[in-house]
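Hi everyone, thanks for coming. Let me put the sequence and the structure up on the screen, and then we'll walk through them together.

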Amino acid sequence: MGQIPAGRGGMGEDEPETNPRSGRRETEEERADRQWSDLLQELRVAQTGVQILFGFLLAVVFQPRFAELSTIDRNIYVVTVMLGSATAAALIGPVSYHRLLTGRRMKPQTVTWASRLTKLGLGLLFCTMCSTLLLILRVALHNVAALWLVGGMALWFLVCWFVFPLWAIARDGGRRTAGRRDAEDTDPRH
């Protein structure tokens with residue numbers, strides 16, 4: 001008699017293996033499902049903020065005072081709306097990507113590309129936030145203090161979004177045991 005293929009129930013599925021990087025016992029598909037769930041939670045937070053900000057930006061043009069804006073401020077507004085649109089597209093893109101590829105047995109690739117789109121969306125969100133602040137503070141202050149304030153907030157965004165996580169990675173210095181490390185932390189695709 002022939003051998004039963006490795007896996008659960010002899011259905012030919014991969015047997016869960018312990019990932020040396022994460023210490024988790026999961027198949028590639030199970031890992032992709034977990035990573036997709038994590039990514040969806042992150043996207044929910046980012047998408048909500050982007051939708052509120054974008055709605056605000058769309059309403060600005062219909063305010064009576066908009067006609068009084070200088071050409072520079074109108075240009076900043078146009079750039080800000082375009083950045084907001086690009087941000088929304090990048091952060092909603094993973095949902096479309098998943099929907100179009102569902103059932104095609106491409107979950108690991110979907111997670112990889114959705115993660116890349118999310119990172120792009122976060123970079124665009126940084127630019128959108130800075131541009132929005134610049135527009136608001138230029139209108140409110142009418143002086144160069146607006147640039148200094150936006151620069152300070154841009155620095156704060158960078159610290160919160162990138163420096164703190166990178167500092168945690170550097171501080172860890174690879175000392176964490178393989179049994180504790182999450183696959184996403186070291187997966188070169190993310």
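So, to start us off: which side chain does Arg138 meet in a salt bridge? The partner is Asp73, at 2.5 Å from N to O. By salt bridge I mean a side-chain nitrogen of Lys or Arg within 4 Å of a carboxyl oxygen of Asp or Glu. Arg138 sits in helix α3 and Asp73 in helix α2, so this pair ties together parts that are 65 residues apart in sequence. Helices here are DSSP runs of H or I with at least four residues, strands are runs of E with at least two, and both are numbered from the N terminus.

A word on what you are looking at: this is a predicted model, where local features need pLDDT of at least 70 and side-chain atom pairs count only at pLDDT 80 or more, while totals for chains, interfaces and linings use all residues. Residues are numbered from 1 along each chain as its sequence is written, and side-chain values use heavy atoms, with hydrogens and water left out.

Back to our pair. Asp73 is buried, at 8% relative accessibility, whereas Arg138 is partly exposed, at 28%. For those words, buried is under 20% relative accessible area, exposed is over 50%, and partly exposed is in between, with a 1.4 Å probe and protein chains only.

The whole structure holds three salt bridges. Another joins Lys107 and Asp33, again N to O, at 2.8 Å. Lys107 belongs to helix α3 and Asp33 to helix α1, so here parts 74 residues apart in sequence are tied together. Asp33 is partly exposed, with a relative accessible area of 40%. Then there is Arg34 with Glu26, whose closest N and O atoms are 2.8 Å apart. Arg34 is buried at 16%, and Glu26 is buried too, at 9%.

Now for the inside. The largest nonpolar core has 18 residues, and Phe66, Tyr77, Phe126, Cys130, Leu135 and Val150 have the most contacts within it. Such a core is a set of buried Ala, Val, Leu, Ile, Met, Phe, Trp, Tyr and Cys residues joined through side-chain atoms within 4.5 Å. Helices α1 (28-60), α2 (71-101), α3 (107-141) and α4 each give two or more residues to this core, and α3 gives the largest share, six residues. Apart from this core lies another, of 11 residues, including Trp36, Leu43, Leu91 and Ala114.

What about the aromatics? There are four aromatic pairs in the structure. Rings of Phe, Tyr and Trp (its six-membered ring) pair if their centres lie within 6.5 Å; planes under 30 degrees apart count as stacked, over 60 as edge-to-face, and the rest as tilted. Phe126 and Phe157 have ring centres 6.4 Å apart and planes at 85°, so that pair is edge-to-face. Phe126 is in helix α3 and Phe157 in helix α4, 31 residues apart. Both are buried: Phe126 at 17% and Phe157 at 11%. Ring pairs also bring in Trp161, making a cluster of Phe126, Phe157 and Trp161.

Trp161 takes us to the surface as well. Together with Leu155, Leu158, Phe162, Leu166 and Ile169, Trp161 forms a nonpolar patch with about 570 Å² of accessible area. Leu155 lies in helix α4 (residues 145-172) and is exposed, at 54% relative accessibility.

That's my tour, and I'm happy to take questions!

Technical notes:
Patch = residues over 30% accessible without salt bridge, like charges linked within 9 Å, V, L, I, M, F, W, Y side chains within 5 Å. Areas by Shrake-Rupley, 256 points an atom, 1.4 Å probe, with all protein chains shown as cover.
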